[in-house]
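Please work through each task before reading its solution.

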Amino acid sequence: MTLPLTVLGGYLGSGKTTLVNRLLRAADGERIAVLVNDFGELAVDADLIEAEDGDIISLAGGCVCCSYGDDLMTALLQIRDMDPAPDKIVLEASGIAMPGAIGASVGLVPGIALSSIVVLADAVNLPKLLANSYLTDTIERQLAAADLIVITKGDLASADVARDLIARAAQGRPVVDGAEASNNLILAQRSARPMPEPHGAFHHTKLLSCEEPVDIEEIAKGLAGDPTVVRAKGCVLSRTGERTLLQLSGDNWTLSPAPSEAALGVVVIAVPDAS
Amino acid sequence: MTVTLYPCRKIITMNRARPHATHVAVRDGMILGAGTLEELSGWGDPVIDDRFADKVLMPGLIEGHCHLLEGALWTKCYTGFFDRMDPDGVVHGGCKDIEAVIARLSAALEKNPEGPLSGWGLDPIYFGNVRVTRADLDRVSDSVPIGIMHASGHIMNFNTPALEAAGLLKPGLNHPGIPLGDDGLPTGELKGPDVMTPAGVHVGFGRDMLASDAAGMRAFGKLCVRAGVTTATDLAARLDENAVQTMLRVMGEPNYPARIVCHRFHHGVTPEDLIAQVEDLRDRSTDMCRMGRIKVIMDGSIQGFSARVRAPGYYNGAPNGLWYITPEHLETILREAFARDLQVHTHTNGDEATQLLIETMTTILSDRPAADHRLTVQHCQLADQAQLARLSKLGACVNFFANHHYYWGDEHYRLTVGPERAERMNAARTALDLGLTVGLHSDAPITPLAPLFTAWAAETRITASGRVQGAHECISRAEALWAITMGAAYTLKIEQEVGSIEAGKRADFAVLDADPETADDLRDIGVWGTVQGGRIFEAAAL
């Protein structure tokens, strides 16, 4: 059996540690093993900690945290060989690392399979980072490697500015707001994620996370009626519990049964809101 | 306490007040003075030791940027293009083509048929740049795992059994560091530490590829004696507690012949933990094992296209390289280190990395001046005149990778940065004219530990194909010899203890068969051995 591994990338201060804490708190019985560069700011609630052994912290509910320092591969093998094995691995990349390169490398480890690459972009700092000539190409490369981009700190700065910048730096990559970054969404398989859809006009590519049953027709009508929406595609759960594929182009939309492995969520391609 | 007096053919002191002498007096590992027999007789009845009567003495040479790994690598099979001397003084002839590599490996396998077999120093650039494949290495053995590290340290070649052991002999791999053959399987070349390290463990390379064990440290000491080196560096060490204890133990052995200055690299710990650890290590230093210094790795290598270069970028159009530290962490480390008088050396290859360093230092030092921080910019290969001028004003030192002229100069000209910038690489002339203290280095094991060769490379700037590349950046013989003694000592902040032959300094000498000031070619000078802290080490008797 192979262990699915999600790479969490993003520049220093983009909120990776905060997200890791959230994932652990919401694990809900799922045994998540988190690999962090260092324990530095990882403030795991003390009452969650069951045992500490050097580079490994065991948490209540079967989750573990492991700091890998400068030897990621050793830490990874240690996690892989744990008994009992974790259900999933989350690897927090360092702020300067290239998540794409890390993803390619961890996929080579026998027993571990890359699940997907999630890159965080912090709405407050992204404009500044992309304008810093030392960092422009690094940030662009990080974003372009993502299967999913999460905008963090959208409450503190305009997420739309960040969306505009991401639309240029990482065309077609689905973007979701940090508030919607549930465990299901972050830990989904890349094969179950919508494919990036390149487009020429720097449209925004949003991901609507749809984990609860919804009235599909209502959602579809809403999207069709939104003049900024160009296309939409994704899987939603109907009120009666069926996985349904929604495909929309302009005002036209169709519904059909969705493949069972499809992750829930709709990618919406929209022109930037002129307002 | 005995006073020993050494009459010599010539003593080159590097003491500007008294550049040459015929005699040096030593007591208890310390130089009492250099001068004439008459001048030194005032120190008391000496024992005259005339074993160096026909030798030329220089201050013990100082290698300001190398790695102890050079010693450990010699347990593996050398497959490099150039002749190279091992710790026991055996010269291993260069492998001039792939057939020679295969013959060398086959001979090594016969001695250890169980395997696995590991080698190092491979440089296919010199084989007309044909790529070595697993089929080539399978001719050595198709059952024993084999892995060979390239000279650059950035690429390894494996045979089929090694790839199988690493679980990499399968179709469908999609990784930039794993080239695939027409059959869809890896060709056997693995590029970059991410893929090399996990596969390397199956052929006898350790996980911490830069680390050396006790035996490797002792072998490294022998290499120092053969190169005339009495102080060397271990410039990028993890320095975990185990390694620190091993170093303190080995370097504390009565016959360990070289003082080692080690730098803790910044990877794997937070800036705060780094500073705390290095402060602790500083307090645990001994004369022979100097710790408490920081190495910050800013970018990659030019020949690996991973150095950060400014516009117009790489000559062959390769995308810009990689940062290995965030600007924020760089600033934190420098700020905290300057405030605590912890010395920092930076791995700074490309000129964009140099520029970031300059700007970061300017910010920090404007806030809070740091007296004599002496940050040393290591490699500094692409810095131009304007950058060197700013580094000079900021109080930095530079240590150039002069051996690059010879080993990769033609590649830089043809491929990496193009003719114009290749000719200004490792701009030692410009740096000296700007008043910078200049060191010169081998980065052993990347190139051989041999400061006299390195001095020659900076003096002549001759490439492997025989061209002089950037004659305007050549430095004089005297300046080059200064760089591998006092210059390097200054970059390590130990110039008041070593680097010249004068009263009060450690009795560290390089004992040479010929006079480096007048020899036609510095490379031809034989090294008899060294004196380190007054202890005599003859290379032939090691």
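A residue counts as buried if 20 or more other C-beta atoms, placed from the backbone, lie within 10 Å of its own, as exposed if 12 or fewer do, and as partly exposed in between. The model is predicted, so that local features need pLDDT of at least 70 and side-chain atom pairs count only at pLDDT 80 or more, while totals for chains, interfaces and linings use all residues. Residues are numbered from 1 along each chain as its sequence is written, and chains are lettered from A and ligands numbered from 1 in the order in which they are written.

**Exercise 1.** Determine how strand β14 of chain B is enclosed and paired.

Solution. Strands are DSSP runs of E with at least two residues, and helices runs of H or I with at least four, numbered from the N terminus. Next, pairing requires at least two DSSP bridges: β6(B), residues 61-63, runs parallel to β14(B) over 3 bridges, with B:Leu61 bridged to B:Val229. Parallel to β14(B) runs also β15(B), residues 259-265, through 5 bridges.

**Exercise 2.** Identify the residues through which helices α16 and α17 of chain B meet.

Solution. Contact means C-beta atoms, placed from the backbone, within 7 Å. On α16(B) the residues are B:Pro451, B:Thr454, B:Ala455, B:Ala458 and B:Glu459, which meet B:Arg477, B:Ala480, B:Leu481, B:Ala483 and B:Ile484 of α17(B).

Notes. Two residues are in contact if their C-beta atoms, placed from the backbone, lie within 7 Å.
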